[in-house]
Amino acid sequence: MSAPSPKGYQREAVANALEIFRHAESQLRQAGDDASRAAATAFNGCLLLEAPTGSGKTLMAGMIAESFAAPDRENNARIVWFWFTPFAGLVDQAKGAIKSTFVGLRVRDLQGGRKTRGTKSGDVFVTTWASVAAANKETRKVRSPGDFVLALDNLIAELRADGFRIGAVVDEAHHGFTRAAEAVRFYRETLRPEFTLMITATPDDQDVDKFKKAAGIAHLHRISVSRKEAVDAGLIKDGIKSIAYLAADDQKEVVDFAETALADGWSMHGAIKQGLQAAGVGLVPLMLVQVGNSSAAIGEARTRLAALGVAESKIAWYTADAPNDDLLAVAIDEQKEVLIFKVAVALGFDAPRAFTLVSMRGAKDTDFGIQVVGRILRVHGRLQGPTLEQKLPEMLRYGYVFLADAANQSGLVHAGEKINAIRSELSQVCPFTMVVKVAGRNEIQVAHNGQTQLLSVPYTPPAWTAPPSNLAHHEGDAHRVATAPAWQATGILTNLVLTPTEAAPQLPRNASVDHVLSGNQRYALRAGVPRVHRSERLPLSTSDLLKCIAARIAIDDKVFNAGLRQSVKVTRRTVDLFEGSEETESIQARLSDEEIAHRAQSVLFDAGYLDPRDLHDSLLGRLKTEFAHHGIDADPDKLELALNRIMAAYPNLIRLAARTCAAKFKEIFDTDKLPEFVELPAGVKKSRLNVYGVTPQDLNGPERAFADLLDADTSGTVDYWFRNEPRKPWSIGIVMPSGDRYFPDFAVKVAGRSVGDGLLLVEIKGNHILNGDDTLDKVVARHQVYGTPLMLAQDEGRRFMTVKFFANTGRNEMDQIFRIENLAGY
């Protein structure tokens, strides 16, 4: 089958490219040496064709390759093409397009067709860079001779010796080209194409410039096609509408955006299907569903689609690693109405039946956004033609992208701006190379300021320095693993962070600790100090506490209705990616049962002193009672869902009830006795008023400063003090409103203090945690015997200040300068 009749802009682009290539071929034929031929190629042998997806880039590239290889035209080349696709999944798609469209091109097999005999101008090898220039087994086969085939390097050399030019068609494969040193080396040293045609829908000036430098190209010709020309020709849709969903900050986490986007997309798919039938067009549209790269992503999307009523027989899915359906087959099989695919497939996949795309993962990157847009930009052949185009309703002239993550809309908007920025532009033959006769032979010189040289000046391509080979890097890693200690190489101690050099000194350090322990000294408890104190705890039996919590939860009508709620109002924002217009409307979005269950779980575990299963059962019983009072029958699943929704929407309800009940039910008990002595190094700092006569070694900076302040008291206010160690049998604990216990840093015996037999508990806080969650609880906690602990913090001048909770701000703030003499009044 011959190529379809080209559009006007396509003919212009092809003619422009052929003019430049033929000029270069004319110079190549006149060149008398390799340097001259390199100059002709470097200045007029490389073209970049940039055009929107769907505008016929492959058609134009094929026409250029076919026409330039035809033998019946002056200055055409006798040429063999190497056509590079961005990844292996598109090789067959490119082969199919070439075979079905261009009679003047013949597809050759790179594996079994590496022979020079029978080669014709217009032969094409379709491949990827990885297949010819990477350090893997398959590539080594291609680069090595077989029983009946040449090594690829030898094939290229022999083709060139037989008078063939070598051409390269680079279809989006220049992206990331310079990061693959083997590909650059293969291009420069082995392929050395006289002609290179790059085609792209995602023009990236940085990538193009890097390719130009790495490939040794002196001048890159750019031929550009605008979106408008392709729209006017009826090849791509009038525009793309991007739909995202916005929720209030406190609702974002509980909205099932994936479900909302998928349901909205399927609804639009149905409307388009009906619209096509009404317009008399016999075409079943295709909805694309783009998911992330997790192993469960495909299954999750299938489950969600099934819940929407989509028949399993209508769903196809594809991943590069485990394809279930052939992409090309799905593109034409109208029994399939949904194609689920992973991210990588977005690049270059041709699906002209597609009108809608639901993106359940990110598309913040502009170039990736261009590819996403490109999947639904094409107009199917049955919809092409000016007469039919005029009859189509507006809905059928657009593509639609539904985004589960509103943040990704920016990538699509920028993609639309970038596509719009492409203006139709043709190129001209570069005038910098001239054929001159030097010493009786033709030489191509690079003109400077329009002047040639009398003496021979060979052209030198730009230098390129290869980055470190990935193979060498991996080999280095392998060497490091091979030479690592056995415990490290086998991964036996996978959680150990120490390197071997860090691990080695551990034994000497332990020996040093043993030496210090052997030199310890005992410091006896001061005479007359009470050894038993009073501590708080919650009762071991929590049944009464759970009953209290369930009874105190304030389930009013608003809270109860939150348990029945299935959706939440969100803003649906529709942006025309090319026109820039924006529309918003309010819709109801489904709540995410999974996220709500996760939130509810965290609420159940919030009270660490309660068994979450017991708390769950107690709350469920209370909610069942409320359903009965409302006259609503509820099965266990409905009750469970309602409870989750209430906990997720009102997490503080349970926390407040739990705190009230924790304060009500906490009990007082006797601690174990303070130790008779402590064992510390002989050189430990002495303390005048500590009960053991020494300063504890585990104090931080502010705590040491406070201990020094106590020891410096000369007013007689402080009788003694001791470190209230956390969670020791003899420690004094306080049950906080949350139900957790905390242990103030110091216990100070204060002369003249009537509360708690004169014992005052003191907590020292750093400024950076003055308003941490636990600090807010600690500042209002009260011990039943010793009263409210005194909380202190240091100001910028290192003075100790009292800390107070201010209800009007909801924050802890420094209040007054602390004075030792005032201890009895705190």
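This is a predicted model: local features need pLDDT of at least 70, side-chain atom pairs count only at pLDDT 80 or more; totals for chains, interfaces and linings use all residues.
Local features need pLDDT of at least 70 and side-chain atom pairs count only at pLDDT 80 or more, while totals for chains, interfaces and linings use all residues.

Strands here are DSSP runs of E, at least two residues long, and helices are runs of H or I of at least four, numbered from the N terminus. The open, mixed sheet has 6 strands in the order β22-β25-β26-β27-β28-β29. Its edges are β22 (718–723) and β29 (811–817).

Across β22, β25, β26, β27 and β28 lies helix α27 (residues 701–711), at about 155° to β22. That angle, on a scale from 0 to 180 degrees, is taken between N-to-C directions of axes fitted to C-alpha atoms, for helices over the stretch in contact, where contact means heavy atoms within 4.5 Å.

The largest nonpolar core has 77 residues, with Trp81 and Phe195 making the most contacts inside it. Such a core joins buried Ala, Val, Leu, Ile, Met, Phe, Trp, Tyr and Cys residues through side-chain atoms within 4.5 Å; buried means under 20% relative accessible area with a 1.4 Å probe, protein chains only. Helix α1 (residues 8–30) gives the most to this core, 9 residues.

Key. Residues are numbered from 1 along each chain as its sequence is written. Side-chain values use heavy atoms; hydrogens and water are left out. Two strands pair if DSSP finds at least two bridges between them. Buried means under 20% relative accessible area, exposed over 50%, partly exposed in between (1.4 Å probe, protein chains only).
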